[in-house]
Amino acid sequence: MVVTKALAKNSAYSGNLYNCIEWAKTHAKKTGTPVAIARARPESRRYQVIAEVTAQGVRMLNAPLEVNAKRVERFYGE
C-alpha cells in the first residue's frame, strides 16, 4: 500500500492519488500557492514528490524529488 499526500504550505491532505490531485487543484486556486503531491510506502523513510499542482494545472515530474519523511511529518503531520 502506498501513502499519497498533497502538501501545501499550511495544510495537507492524505488519500488516493486522484483525490489528492482534486484537493490540490481546489487549494491552489483558492490560495494561489503551489501544492506538491508526494507518495511513499508506510515503511519508507523518504517521500517522492511526483507532481506539482498550481492554479494553471498539474505538472507531473519526470524525475521524482525525494523528501525526508520526518521533515514532511514535522511540517504537515502524519
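Mentor: Arg-46 is partly exposed, at a relative accessible area of 38%; buried means under 20%, exposed over 50%, and partly exposed in between, with a 1.4 Å probe and protein chains only. The model is predicted, so local features need pLDDT of at least 70 and side-chain atom pairs count only at pLDDT 80 or more, while totals for chains, interfaces and linings use all residues. Residues are numbered from 1 along each chain as its sequence is written, and side-chain values use heavy atoms, with hydrogens and water left out.

Arg-46 forms a salt bridge with Glu-66, and the closest N and O atoms are 2.9 Å apart. The two partners sit in distant parts of the chain, 20 residues apart, with Arg-46 in strand 4 and Glu-66 in strand 5 (residues 57-68). A salt bridge here is a side-chain nitrogen of Lys or Arg within 4 Å of a carboxyl oxygen of Asp or Glu. Helices (H or I, at least four residues) and strands (E, at least two) are DSSP runs, numbered from the N terminus. Glu-66 is also partly exposed, with a relative accessible area of 46%.

The structure holds three salt bridges. Another joins Arg-59 and Glu-52, with 3.2 Å between the closest N and O atoms. Arg-59 has a relative accessible area of 46% and is partly exposed; Glu-52, at 30%, is partly exposed as well.

Lys-25 and Glu-22 make a further salt bridge, at 3.5 Å from N to O. Both belong to helix 1 (residues 17-31), and because they are three residues apart, about one helical turn separates them. Their relative accessibilities are 30% for Lys-25 and 31% for Glu-22, and each counts as partly exposed.

Side chains of opposite charge can pair when their charged atoms come close. Over the whole chain there are 13 positive and 6 negative side chains, and the centres of the two sets lie 4 Å apart. Lys and Arg count as positive and Asp and Glu as negative, without His and the chain ends, and each charge is placed at NZ of Lys, CZ of Arg, CG of Asp or CD of Glu.

Strand 4 covers residues 46-54, and Thr-54 lies in it. Thr-54 is partly exposed at 22% relative accessible area. Leaving out residues up to four places away in sequence, Thr-54 touches Ala-28 and Pro-34, where contact means heavy atoms within 4.5 Å. Leu-65 is eleven residues from Thr-54 along the chain, and their C-alpha atoms are 17 Å apart.

As for the setting, the chain has two helices and five strands, in the order β-β-α-β-β-β-α. Its radius of gyration is 11 Å, close to the 12 Å that the globule rule gives for 78 residues, so the chain is as compact as a globular protein of that length. The radius is taken over C-alpha atoms, and the rule is 2.2 Å times the number of residues to the power 0.38. Along the principal axes, the C-alpha atoms fill a box of roughly 35 × 25 × 20 Å. Of the 78 residues, 28% count as buried. Among contacts between residues at least 6 apart in sequence, 35% join residues at least 24 apart. The chain exposes about 5400 Å², of which carbon and sulfur atoms supply 49%.

Notes. Areas by Shrake-Rupley, 256 points an atom, 1.4 Å probe, with all protein chains shown as cover.
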